[in-house]
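Work through the exercises below with the model open. Each task is followed by a stepwise solution.

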Amino acid sequence: MRRDCDAIAAVGPPRGIECVFTATDEVGGVDPADDWRAALAETGRLSPTIVQAIVDAHGDRGVTAIEAVSERRVKRYRDFDVVVGYDDEYVVEDRGCTCKDSQYNLDPDEGERCWHVLAVDVAEALGELDHHDMWYSDVREFL
């Protein structure tokens with residue numbers, strides 16, 4: 001999994017997101033399960049340790065979530081959070097998602113989340129949600 005973290009680091013800081021890629025980290029080792037959320041909230045930025053914890057806990061879903069945040073594909077409307085995927089837009093509400101991965105492959109009782117939910121978590125902690133002062137239910141009709 002270290003290669004996934006290195007791949008993200010090699011691209012450089014994503015646009016609009018302060019990433020710290022140094023040999024030191026203010027937050028020590030991060031337990032992959034849920035501690036990455038606390039560490040991210042505490043630092044307000046993606047460090048190599050936090051990125052690695054996300055990747056260790058969620059694999060490719062974590063990498064894709066970080067990429068979506070860096071590409072500003074996480075949007076907050078008045079009624080829902082929406083993540084722009086590759087084929088469609090997915091509604092995220094109460095840590096649940098409308099994507100097929102979430103519906104068929106993951107067990108939320110075990111803490112498993114799709115990359116769309118992870119992207120909302122990361123974007124929210126970094127203050128990188130793209131805010132839209134409108135109702136998504138009204139906008140969706142035009143898409």
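Start from Trp115, which is buried, with a relative accessible area of 11%; buried means under 20%, exposed over 50% and partly exposed in between, with a 1.4 Å probe and protein chains only. This is a predicted model, so local features need pLDDT of at least 70 and side-chain atom pairs count only at pLDDT 80 or more, while totals for chains, interfaces and linings use all residues. Residues are numbered from 1 along each chain as its sequence is written, and side-chain values use heavy atoms, with hydrogens and water left out.

**Exercise 1.** Find the aromatic partner of Trp115 and classify the pair.

Solution. 
- Apply the rule: rings of Phe, Tyr and Trp (its six-membered ring) pair if their centres lie within 6.5 Å; planes under 30 degrees apart count as stacked, over 60 as edge-to-face and the rest as tilted.
- The partner is Tyr86, at 5.9 Å centre to centre with 40° between the planes, so the pair is tilted.
- Helices (H or I, at least four residues) and strands (E, at least two) are DSSP runs, numbered from the N terminus.
- Check exposure: Tyr86 is exposed, at 58% relative accessible area.

**Exercise 2.** How do α2 and α6 cross, and which residues make the contact?

Solution. 
- Their axes come within 8 Å and cross at roughly 25°. Axes are lines fitted to C-alpha atoms, for helices over the stretch in contact, and angles run from 0 to 180 degrees between N-to-C directions.
- That makes α2 roughly parallel to α6 (angles under 35 degrees; over 145 is roughly antiparallel, 65 to 115 roughly perpendicular, the rest oblique).
- Trp36, Arg37 and Leu40 of α2 meet Leu118, Asp121, Val122, Ala125 and Leu126 of α6. Contact means heavy atoms within 4.5 Å.

**Exercise 3.** Repeat the analysis for α2 and α3.

Solution. 
- The axes of α2 (residues 35-43) and α3 (residues 48-58) come within 9 Å and cross at roughly 155°.
- Hence α2 is roughly antiparallel to α3.
- From α2, the contact uses Trp36, Arg37, Ala39, Leu40 and Thr43; from α3, Ile50, Ala53, Ile54, Ala57 and His58.
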